[in-house]
Structure formats: structure tokens, C-alpha cells
Amino acid sequence: MKRWQQVGFGALAVLVLAACSSKEATRSDNSTSDVPAGEVRAMVMGDGWSSAKAEASVGVTVHFAFDDATVTAADRVLLRPLANALMAHTKARLRIEGHADTRGSREYNVGLGWRRAKAVYAVLIAMGVSASQMEMVSYGAEKPVAMGHDAAAHQQNRRVELMHEGSIDA
Amino acid sequence: MRWQWLVLSALICFMPAHAVLDLSLTRGLLNAVPIVLVPFASTDTEQAKAFARVVQSDLVHSGCFDVQLEKSPLDEAASPVMWQQWRANKRNAVLSGRMETLGDDRYRVTMHLDDLFGGTGHQPLRPLVTRSFEASKQGLRALAHHVSDMVHEQLTGDRGVYSTKVAYVMVDRHLKAPQYILAVSDVDGYNEQVVLRSPEPIMSPTWRPDGKALAYVSFEGKRGRLYEQDLATGKRMVLSCAPGINGAPAYAPDGQSMALVLSVSGYPKLYSLNLHTRALKQLTHGWSIDTEPAWAPDGRSLYFTSNRGGSPQIYRLDVTSGHSHRVSYAGRYNTSAKPLPDGRALVVLHRDAQGYAVALVDVPTGRLTPLTTLGDTQSPTVSPNGRMVLFASRLGDRALLEMVSVDGRVQMRLPARAADVQEPTWSPFLG
């Protein structure tokens, strides 16, 4: 992750290509389903693909208003202990996962989730956390926690979740 | 209707019948062309009837035809009487033919599409299309779709899309953890085949212009990467795995490059990836969310969604000059642009206070016309003949697919499945 942040945009193309080696594709499990030869061949991803590292939720979820990516003052207060823990345990890493509610364009929702993750990231940076300890990802509307379709469900889904690897306990 | 579909599939498809997309028309049929469909004369009457039902279903579900299906082939002696009757009932044309068994499970199928009017003394019916084909039993369904294509083109002037396919994502939430499936099926829902099964989300499938591969976003490994997968072999390669977002793939019409979204600049921006050299070029800049690139048919401009003006709207980027300008002005939310093949209009997802709807935007004027009522709608995709829009919708708790004609006259709902169905994408014309 550090490499990306330190490199200028000019070298971007080369690095992007280098990072996607053919290894990525061959690691997948290419078992075929019961499909006749010559038809579409399926790929089935086993559970082994999921991250093998032990991840745990930090226990803080940040919520957002409709179409918005502003971290409230109350949520900033909740993030302070996390920032302190990350500064105390410099080997711990944090994944900031941004989400959106399930309505509207799915790719635009990935963008909204990204902005929300970035907003939380910015708060933690401002509190002194090192960028090298943090990673951002957006799931857009793809991983709702509330399956309903009313305002309450949408409110629960507009969120950032925080996952840490490595101990951050005192 | 369901039992008839099962008989049909047993006779024609050697694939087991899945829950087929039985389309229920939700809006009326005006100006439909009235035709008569006579089962082809054959010693294999069951096969001939099944063939006729595929053609009937194709034509009826397009919303363009009012099909009168006769019970059995025409008796030669009775034909002139029948023609008179059909003319009196204002039927325009009749489709009939023969299906000869050749042995070895092969058939020679001859079709006659005739104009009921415009005949002369010598030739009471004016022939429109007369063709002959040979097919195996397994190939009869595809041949029926091809016959429907020919009837459609002859009588409406548009190319038929009965032989095209759709890809879509299904999410099965009945298990402990959701399972995500990318699948491809015929446009009528038959022959569904799984392309990818994954414990992590799959998004934004899109067809390569040659119809032989799909690009998509997969979150295997916990973050989104762009893949291209060959449909015949199942082989795939990673197109992009930059940190952050790798999203919204869109092949250029010439298949040489792909537009996509990356967040490596810090914000989601459009990039162009040369599929041969793998060189990457940044197309848009700044701090907004730019996403959903969609190529104009001439490949010279790219429509996209951006909130650079404060709310998500459609913009067009001129590829040569690099300049973008806004295209949508109605309301505060327009996304998911998909240009029609003639390039003069876009299908978009429009939102206002009551919800989301599929709408048409006239490119020269910016005028917006809703095609559906407002609800929980997303992901429109346009048929390659520019006549139909397939999109994702919700009915109660079920996520399913619906179709609407571009002129808004005909709307139909595909039946709900056990799994949520989302993100449909219509194939180009195939083969």
C-alpha cells in the first residue's frame, strides 16, 4: 500500500499493470459446473479465496445522511479512541469499508461508499494516524446490513464499517 | 402456461428446464401487427407445435405482434377459405411451412411468410420470405428464434432480437452467507448458464462487442477487481486490480479499448485502458464522483455520470478534445446512461421525490421522457436494435427484471426467482 501513496501519477500506468500479474487469474478455482462442452463454462470461487488474515470489527460504525459523506461531530468522538489505538499499535492495520443504501445506480453507490470511506480516513489522518496503516474499500450497495426497503433500512445501510487486523487492544 | 413451457423444453432443449422467464405483459398492445401462425406441416406434430409456440411466444412478448395461432397445419383444399377468413379478420400476414424429418434426429424446416393482401390471380398470397434450413433436434429452438427474427424484420423493418442473450447477477440470500452468481441466458430466459459463482459481490457485467466474453467486477479477495472471462472456455484474466475502485467497465465499440473507473487519483475518475498494450490514460480529472462510462455508437464520445455540478447528472466527454459537457437537466438525479444504437437518445435512470424510473433523454434537446412509473428501479440496458429496455426492479421484497419498449407502449415483468436478480446487460447481435 505504501508504494501507491508515494509514487507520482506519471508512473501510474506502469505500476498498475505490474500489480496485476497473471498470477491473480490462475489462483482461482476453475472447476466446471455441469455444463455441456462448448457452452458457457462456469468458475466457482471456493471459500479459500476470502482473506486468510484474521479480521475483526472495531465495533464502531459511522452512519451518513442521504447522498452525503459528512462525518458528524458525534462520530468523530467515537473515532478518537480508535485513532489512539492505531497510533499506539503501529503494526495494526485498519480497513475502512464504505457502503451506500440500495437505491439507484449501483456504480454511483460505489462512488458514494468511497467518499464516505475517504471522509472517515481523513478524520483519522487528522487525528494523527499514519496513512500506511489504513486501506479503503467501497462496497457500494452490494453488502447491505438491513434487508428492508424503508427509510430505517436505508439509514442503516449508509455506513462505514471498520475492520482491523492485528491487535489494537490496550 | 407453465406446463406448456415444460413440454416445450423437454422436446426441444436437452438442458433441464429451469424456472423460465415467463413474461407477463403488464401494459397493452396497441398497433401490434396482426398475423396468423400456422404450425408447420410435419409427421412430427409435437415438434412442429412446440416450434410454433416458441415463435408465438417470441413475437407476442415483443409487444409488436398480435399472433393468432392455428391449431393445426393448413389443409390445401381449405386454404383459400381460411385466407378469406383471415383477411376478413384483418390479419396482415400468415407464417406457415413444413418440418420434414430427415432421420438421425435431423429436420429440414421450410418457412413461408406471406402477405394476405397484395396477391394476384396467379398467386393468391404475396410471398414475403421463403427460406429452408436444416437443424438437429437440439438446434430447433435456436432456429425458431431465427424464424422469429426474420418475421420481425420483414414486418416491422427492425432487426429482431430473439436470438440475443442477457447476462445478469443473482444473489441468493437463503443460505447462511449470500452467494453471488453471474449467469447468461437466452433473452426469453431459456438455457441459463452460470459464468461465475462467488461468496463475494459481482457487479457491472458487460458484453465484449464480439459477444464472446464478459467483463465484470468481482470482489473475491475482499476488494473489487475487473475481469474479462471468455464464455466458451471459462478462462479469464484480470484487466485491472489497482488499489481502491476498479469499476464500471465499458468496451469501446471497436473492442480495442475499455473505459473504466479507478480511484487511484484519490477520487473515482474515468480511465481508458488499451486492451492490447495495457496502457492506461486518465480521461477525467478533479474531485467529483465520475462513473458509468457508456460509449456513443460512433466511439467518438463517452457518456458518463458525474456529480461535479453538485448532483449526479449525465455528461458527454468528447474523446478527441477531452472536453465534457452536461447532457441531462431534468431534476437532481440522472445516472446509468445507455445510448440507443442511433446515438440520438439515451436511456437513463432518473429520480425524483417519488422514486426512480427509466427515462429517455433526447440528446440534442436534453428533453427527458419517463418510460416507467417511479419505483425502486435501476440498471437499464438497451436491446441491440434499440427498441427494448431491460432493467432491474423490485416487487415487494423480490428483486426482479422488467422490460419496457423505448416508446413506452409495452411493459412486461419477468417472474421473480428465488434469488434476487439484478444488473442485467443485453448482448450485442450474436453470430
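**Reading strands and a helix in chain B**

Q: Why would we call strand β15 (residues 257-262) of chain B largely enclosed?

A: Six of the six residues of β15(B) are buried, so the strand is largely enclosed by the rest of the structure. Buried means under 20% relative accessible area, exposed over 50%, partly exposed in between (1.4 Å probe, protein chains only). Strands (E, at least two residues) and helices (H or I, at least four) are DSSP runs, numbered from the N terminus. Keep in mind that this is a predicted model, where local features need pLDDT of at least 70. Residues are numbered from 1 along each chain as its sequence is written.

Q: Which residues of β15(B) point which way?

A: In a regular strand the side chains alternate between the two faces of the sheet. Here Ser257(B), Ala259(B) and Val261(B) point one way, while Met258(B), Leu260(B) and Leu262(B) point the other, and all are buried.

Q: How do I check the length of helix α4 (residues 140-156) of chain B?

A: Take 1.5 Å times one less than the number of residues. The 17 residues of α4(B) should span 24 Å, and the end C-alpha atoms are 24 Å apart, which agrees. Next comes Gly157(B), with a positive phi near 85°.

Definitions and conventions
Chains are lettered from A and ligands numbered from 1 in the order in which they are written. This is a predicted model: local features need pLDDT of at least 70, side-chain atom pairs count only at pLDDT 80 or more; totals for chains, interfaces and linings use all residues. Side-chain values use heavy atoms; hydrogens and water are left out.
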